Each structure stands twice: as C-alpha cells, then as structure tokens.
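Subject: Handing over the structure

Dear colleague,

I am passing on the structure we talked about, together with some notes on what I found in it. Please keep it open beside you while you read.

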Amino acid sequence: MLFRSEHLAAWTPVGAIPVLTRSALRDSRQVRVASVEALGRIAEAHRDRADEIARTMITLLEDPIGLVRHAAVVALKMAADGLVDLRPAVVEALTAACDDANPLVAEEAGIVLELAFATGR
C-alpha cells in the first residue's frame, strides 16, 4: 500500500522520524518520496528536530532518483527556519544541487537558496 506524506506525518511526528528516515533511505522510490515529504513536514512543525532531519536530506541530495532529490530540496526548505548547526552544510549542499543533472532539482535548489537562505544566488 502506498502512503501519502500527509498520513505519514500524522503519526506521532517525532517518534516517526527513525522509521521515516529508514524508509527514505532504503525503500521504493514512491515510499522514499513520501517519507521525505513527511520528514519535511515534521521539520517544519518541530523545528528542534530540523538539524536531525536535514542530515538525511543532505544524504538524499545524492540519491539516483531525481524525484527523491527534488523532495529532499523541498524538505530542506521546510526545515530552514529550524536549522542551527547544519545551516552552513545545508547551504553548501543546496549550492552543489544547483548543478544537478535534473533541471527541476537544480532550479528548485536555486529558488530555495534565494528564498529560504537568502544567499542571493
């Protein structure tokens, strides 16, 4: 059964982070995308967990599937306001993603840098 990200995020959000992280890194493309979307929503709602979630998103910017990389960029945008320690690493990862082979990922990364991180790129 395929889950929508809204359903995944409706679980006890903070308690779902480990399960969603494992799913984002190992499961099918559809489950990975839904897990990343749910993690982004959790990071937005629970800013104290943004750095933890951002670590996974940085890893997923290297995923072979463009849809997963795009979802990771969007999740990083959702996590932006809560980032503390990983903010520089996220900016660096998103800057690299601006050169992604997938134009949708590259464009979104540039938009996120400009809007959420005010880098002026």
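Predicted model: local features only at pLDDT ≥ 70, side-chain atom pairs only at ≥ 80, totals over all residues.

**The fold as a whole**

The protein is built from seven helices and has zero strands, so that reading along the sequence gives the pattern α-α-α-α-α-α-α. Of its 121 residues, 46% count as buried. If you take the contacts in the protein with a separation of 6 or more, 60% of them are made by residues 24 or more positions apart.

**The nonpolar core**

Which residues touch the most other members of the largest nonpolar core? This core has 36 residues, and the ones in question are Val36, Met57, Val90, Leu94 and Phe117. At least two residues of this core come from each of α2 (13–26), α3 (29–45), α4 (50–60), α5, α6 (87–97) and α7, and the helix that gives the most is α5, with seven residues.

The axes of α4 and α5 come within 9 Å and cross at roughly 155°. An angle over 145° counts as roughly antiparallel, and α4 and α5 are therefore roughly antiparallel to each other. Their crossing is left-handed. On the α4 side of this contact you will find Ala50, Ala54, Met57 and Leu60, which meet Val68, Arg69, Ala72, Ala75, Leu76 and Ala79 in α5. Sorted by class, the contact of α4 with α5 has nine nonpolar residues, no polar ones and one charged one.

With α7 the arrangement is as follows: helix α5 (residues 66–79) and helix α7 (residues 103–116) pack at an angle of about 5°, and their axes are 9 Å apart. Because of that angle, α5 is roughly parallel to α7. The residues of α5 that take part are Gly66, Arg69, His70, Val73, Val74 and Lys77, and they meet Leu104, Val105, Glu108, Ala109, Val112 and Ala116 in α7. By class, the contact of α5 with α7 has seven nonpolar, two polar and three charged residues.

**How α6 packs against α7**

Helices α6 and α7 have axes 8 Å apart and pack at an angle of about 145°, and α6 passes α7 in a left-handed crossing. From α6, the residues Arg87, Val91, Leu94, Thr95 and Ala97 meet Val105, Ala106, Ala109, Val112, Leu113 and Ala116 in α7. The residues of this contact divide into nine nonpolar, one polar and one charged.

Not counting residues up to four places away in sequence, Ala109 touches Val73, Leu94, Ala97 and Cys98. Between Ala109 and Leu94 there are 5.5 Å in space, C-alpha to C-alpha, although the two are 15 residues apart in sequence.

Ala79 has its place in helix α5, and with a relative accessible area of 1% Ala79 is buried as well. Again not counting residues up to four places away in sequence, Ala79 touches Ala43 and Ala50. The C-alpha atoms of Ala79 and Asp51 are separated by 7.8 Å, while along the chain these residues are 28 residues apart.

Leu67 also lies in helix α5, but at 54% relative accessibility Leu67 counts as exposed, because the cut-off for that word is over 50%. When its neighbours within four places in sequence are left aside, Leu67 is in contact with Arg29 and Val33. Leu67 and Gln30 are 37 residues apart in sequence, and their C-alpha atoms are 9.0 Å apart in space.

With best wishes

Methods. Residues numbered from 1 in each chain as written. Heavy atoms only, no water. Axes fitted to C-alpha atoms, helices over the stretch in contact; angles between N-to-C directions. Helix = DSSP H or I, 4+ residues; strand = E, 2+ residues; numbered from the N terminus. Parallel < 35°, antiparallel > 145°, perpendicular 65-115°, else oblique. Contact = heavy atoms within 4.5 Å. Nonpolar A, V, L, I, M, F, W, Y, C, P; charged D, E, K, R; others polar. Buried < 20%, exposed > 50% of the residue type's maximum accessible area, 1.4 Å probe, protein only. Core = buried A, V, L, I, M, F, W, Y, C linked by side-chain atoms within 4.5 Å. Left-handed = near helix turned anticlockwise from the far one by under 90°.
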